Amino acid sequence: MTTTEHQSVPPTSPSAAVTAGAHATESARAGLSNLRGPAAGGADPQRVATVVGAALEGIRAAIRDHEVTYAEFDAFKQWLIAVSDTGEWPLFLDVYLEHEVEKVAARSQQGSVGTILGPFWLPDQAQLDSPATLPMREDEPGTPMILVGQVTSTDGTPLAGATVDIWHTDDEGWYSGFASRPPAGNLRGVVRCDDQGRYELHTRKPAPYTIPLDGPTGQMTQAAGWSPWRPAHIHLLVAAPGHRTLTSQLFFTGDPYLGNDVASADKPELTLDPQPTGNGAEIRSDRDFVLEPES
Ligand SMILES: [Fe+2]
């Protein structure tokens with residue numbers, strides 16, 4: 001059914017997590033090799049020993065320090081098997097670990113602040129010329145929203161040929177491609193900027209959502225008493241020829257889940273404060289992006 005289950009929605013059958021997890025796994029397999037290049041290969045034994053050794057030692061320390069029992073060890077094994085069976089590895093890794101990888105990557109990235117990609121990006125979405133309206137249903141619920149801005153290089157040069165790949169949930173917290181409600185491609189698209197790197201995007205304001213509560217990642221989150229919520233956000237991949245692609249998200253001022261994002265992806269620099277345009281309920285926000293030239 002969905003990977004974006006609202007907390008207010010009753011739990012669904014276990015098959016919901018299996019379906020959503022399988023989509024996320026399939027998407028990770030199909031898309032990420034094109035997006036970020038091939039996965040690391042030709043492993044350096046020293047690097048493996050250092051990184052894997054440190055990770056294992058962290059787990060061993062938790063076992064020692066907290067006197068983990070055989071019952072808990074066996075429960076851990078069952079949980080790991082469930083993560084595999086439901087295809088939730090992309091979800092679990094992107095929610096609980098990707099933000100640290102992103103922070104490491106950001107140490108060497110100039111330009112606009114970025115954040116995690118998450119598990120819900122999909123390749124091959126609608127290509128749109130600015131000004132653009134994201135594909136949506138005739139009666140798409142939610143507050144009409146306009147996002148406008150310009151993509152420049154770190155020296156201020158406008159980047160003709162820049163693209164802004166955007167995806168976000170609908171007004172009920174559902175992602176197309178991962179939930180049964182929105183049709184394929186809903187509220188997803190790749191906007192081509194004009195020759196000054198400017199873009200104008202018409203969409204609907206997204207809603208906060210929880211990670212799926214019917215699968216092992218959500219169950220572990222709730223067992224720990226942690227919030228499963230993500231604040232409302234718009235995902236973006238901002239790209240231009242000769243420049244390092246920016247992966248980011250934009251949040252909304254006043255969101256009750258800001259500062260308590262289960263994915264630890266929200267940052268103050270990424271918060272929008274949309275204002276009424278005077279055209280009914282419509283709101284507008286401005287956001288420029290600065291990309292770093294590839295060396
Ligand atoms: Fe998201």
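Predicted model: local features only at pLDDT ≥ 70, side-chain atom pairs only at ≥ 80, totals over all residues.
Residues are numbered from 1 along each chain as its sequence is written.

My strands (E, at least two residues) and helices (H or I, at least four) are DSSP runs, numbered from the N terminus. Two strands pair if DSSP finds at least two bridges between them.

**The sheet**

Strand 9 and strand 10 (residues 246-252) run antiparallel, joined by five bridges. Their hairpin has six residues between the strands, and there G242 takes a positive phi near 75 degrees.

I then looked at the other neighbour: strand 4 is joined to strand 9 by six bridges, again antiparallel. One of the partners I noted is A239 in strand 9, which bridges to T163. Strand 4 (residues 163-168) also pairs with strand 5 (residues 188-192), antiparallel over five bridges, and I166 has G189 of strand 5 as its bridge partner.

Stepping back, I saw an open sheet of six strands in the order 1-5-4-9-10-11, with mixed pairing. Strand 1 (127-129) and strand 11 (271-272) are the edges, as each pairs on one side only.

**Buried or exposed?**

I call a residue buried if 20 or more other C-beta atoms lie within 10 Å of its own, exposed if 12 or fewer, and partly exposed in between, with C-beta atoms placed from the backbone. Five of the six residues of strand 9 (residues 234-239) are buried, so this strand is largely enclosed by the rest of the structure.

**The core**

A nonpolar core is a set of buried Ala, Val, Leu, Ile, Met, Phe, Trp, Tyr and Cys residues joined through C-beta atoms within 7 Å. The largest one here has 51 residues, and V151, I166 and V238 have the most contacts inside it. Among the elements that supply at least two residues each are helix 1 (14-36), strand 3 (144-153) and strand 9.

What does I166 touch? Contact means C-beta atoms, placed from the backbone, within 7 Å. Leaving aside neighbours within four places in sequence, I166 is in contact with L134, G189, V191, L201, I234, H235 and L236.

**Helix 6**

Last, I checked helix 6 (residues 216-223), whose buried residues are P216, T217, G218 and T221. These pack against helix 3 (70-85) and helix 4 (89-96). Just after helix 6, G225 takes a positive phi of about 75 degrees.

Definitions and conventions. Contact = placed C-beta atoms within 7 Å.
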